[in-house]
Amino acid sequence: MSSTPFSFRVDARDPLCRARSGAIHTPHGEVPTPAFCPVGTAGSVRAMTPWDVKAAGASMVLANTYHLALRPGEALIEKAGGVHRFMGWDGPILTDSGGFQVFSLKDRFVSDEGVRFRTPDGEIFVLTPERAVEIQEALGSDIAMILDECVGHPCEWSEARAAVERTTRWAERALAAHRRRGQVLFGIVQGSVYPDLRERAAEQIVALDFPGYAIGGVSVGEGFELLRDVVGLTAELLPEDRPRYVMGVGLPEDLLACIERGADLFDCVIPTRFGRGGTLFTRRGAIRIRHRRYRSDLYPIDRGCSCAVCGRFSRAYLHHLFEAHELLGPILATYHNVAFYQDLMAGARAAIVEGRLPQFGERFLAEYRRGGESATRTEIEPPARRERTEKPRPPRRAGRRDGPRDGVPQAPGKATDRRPSKPASDTHRNSRNVPGRRPPR
Ligand SMILES: [Zn+2]
């Protein structure tokens, strides 16, 4: 444990854009920024051991308050010595408040008190700003998030405005409830795609003086242009000396655009979920390793990648593993994807220090979009950017013999591994966790 439980420092600013690099210091270690957190929804980054997560270059992981509270329950995790010890990860952990997940549920009732909803088990659960803090304090994460009201996209101005006001009231209550030393609580700025509401939300939340701020309500199906604009606008409204966390983003091009606009921290399920489904990121675009063209391709996944998987295995071997439904397929694919994202972040950090982030981004994207090696971007499942949390497995009911097997590659379209295909209007924060549920209106 360190004497300074939490701090954030900016070491370098890119003169050509708003990007900065630095580090978030937590009681469990430093997180060099800009940083990408792999998502460990249920206290596990799927298909990865904690030592692999570390070896792949990640410094902080995200765990999910809502899912851990439902199963196994925060009391057990607290008894086990906290979420770090429980999941065997001694690095920094960020927990989200559960708000993002809860707003995806159909049977939910939102009031000033909080959100009342039915769990997948059929029980009534009430998540209030105080309860979200209480759970995260019991988990003992390094960074906790306030409960916020996240609206989907598109969203009427009046509805977005009401969510901003409610989020501010909840933020005040969360701050008042938060006691745990060694853990910090971040505020969340909502406001949908409306600049005036983003300004209003930022003003109110910043006035509460949080040690860090998240830009919430993005990656809900608004598309790349709006995401970029909203993040750019909101980041400018946030204090220079606090970390800015863009929740639920995203694809490599999203990350680069947000970093250029001053974002420091990200989380997303894309590298892990895509990996399990057989979509691998390379410097020349993403590839679907199950495609027959890789059947006898003896090159590594990505010739520019120095990860343990690329140093040892060929595409043909990965293709074979996926075809044979071997567990090792998703494991190796996930490892490479997480390492790829971490490499991208390390490249961005170095470029910021050298004052050439825009050129770095352009060069990366030119190569990435060229897809010359073997694949094009169109190979990626289109609604990808909409996901933020790994889909939970439904709690096992009495009498149910066996659930879906973790880590086993699922055939395309199976609800356990892929988002259901949905119309573009579906929101992402709200679609993510409960298959087939509609966004709130
Ligand atoms: Zn690799």
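Two strands are taken to pair if DSSP finds at least two bridges between them. Helices (H or I, at least four residues) and strands (E, at least two) are DSSP runs, numbered from the N terminus. In strand β5, Leu 62 is the bridge partner of Val 39, and β4 (residues 35-40) pairs with β5 in the parallel sense over two bridges.

The structure is a predicted model, in which local features need pLDDT of at least 70 and side-chain atom pairs count only at pLDDT 80 or more, while totals for chains, interfaces and linings use all residues. Residues are numbered from 1 along each chain as its sequence is written. The average pLDDT (the predictor's confidence in each residue, from 0 to 100) of the protein chain is 87, and 83% of the residues score at least 70. Residues 373-387 have a pLDDT below 50, and this stretch has 38 contacts in the model beyond near neighbours in sequence; a contact requires that the C-beta atoms of two residues, placed from the backbone, lie within 7 Å. The pLDDT is also below 50 over residues 397-441, a stretch with 88 contacts beyond near neighbours in sequence.

The protein chain contains 14 helices and 16 strands. Of its 441 residues, 54% count as buried. A residue is buried if 20 or more other C-beta atoms lie within 10 Å of its own, exposed if 12 or fewer, and partly exposed in between, with C-beta atoms placed from the backbone. Among contacts in the chain with a separation of 6 or more, 71% join residues 24 or more positions apart.

An open sheet is formed by three strands in the order β1-β2-β3, with antiparallel pairing. Its edge strands, each pairing on one side only, are β1 (7-13) and β3 (29-33). From one strand to the next, the twist averages 15 degrees. Helix α13 (residues 328-353) packs on this sheet and touches β1, β2 and β3, its direction making about 120 degrees with that of β2. Axes are lines fitted to C-alpha atoms, for helices over the stretch in contact, and angles run from 0 to 180 degrees between N-to-C directions. Within the sheet, β2 (residues 20-26) and β3 pair in the antiparallel sense over five bridges, and His 25 stands opposite Glu 30 in β3.

Helix α13 is also the packing partner of the buried residues of α12. In α12 (residues 315-323), these are Arg 315, Tyr 317, Leu 318, His 319, Leu 321 and Phe 322.

Helix α6 (residues 129-139) is largely enclosed by the rest of the structure, because nine of its 11 residues are buried. The buried set includes the charged residues Arg 131 and Glu 137.

Helix α7 (residues 157-177) and helix α8 (residues 195-207) pack at an angle of about 5 degrees, with their axes 10 Å apart. The two helices are therefore roughly parallel to each other, the term applying to angles under 35 degrees, whereas those over 145 count as roughly antiparallel, 65 to 115 as roughly perpendicular and the rest as oblique. The contact involves Ala 160, Arg 161, Val 164, Thr 167, Thr 168 and Ala 171 of α7, and Leu 197, Arg 200, Ala 201, Gln 204 and Ile 205 of α8. By class, it comprises six nonpolar, three polar and two charged residues; Ala, Val, Leu, Ile, Met, Phe, Trp, Tyr, Cys and Pro count as nonpolar, Asp, Glu, Lys and Arg as charged, and the others, Gly among them, as polar.

The axes of helix α10 (residues 252-260) and helix α14 (residues 357-370) come within 10 Å and cross at roughly 170 degrees, which makes α10 roughly antiparallel to α14. Residues of α10 in the contact include Leu 256 and Ile 259, and those of α14 include Phe 364 and Leu 365. Eight nonpolar, one polar and two charged residues make up this contact.

Tyr 245 lies in strand β13 (residues 244-246) and counts as buried because it has 28 C-beta neighbours inside 10 Å. Not counting residues up to four places away in sequence, Tyr 245 touches Phe 186, Gly 212, Tyr 213, Ala 214, Asp 264 and Leu 265.
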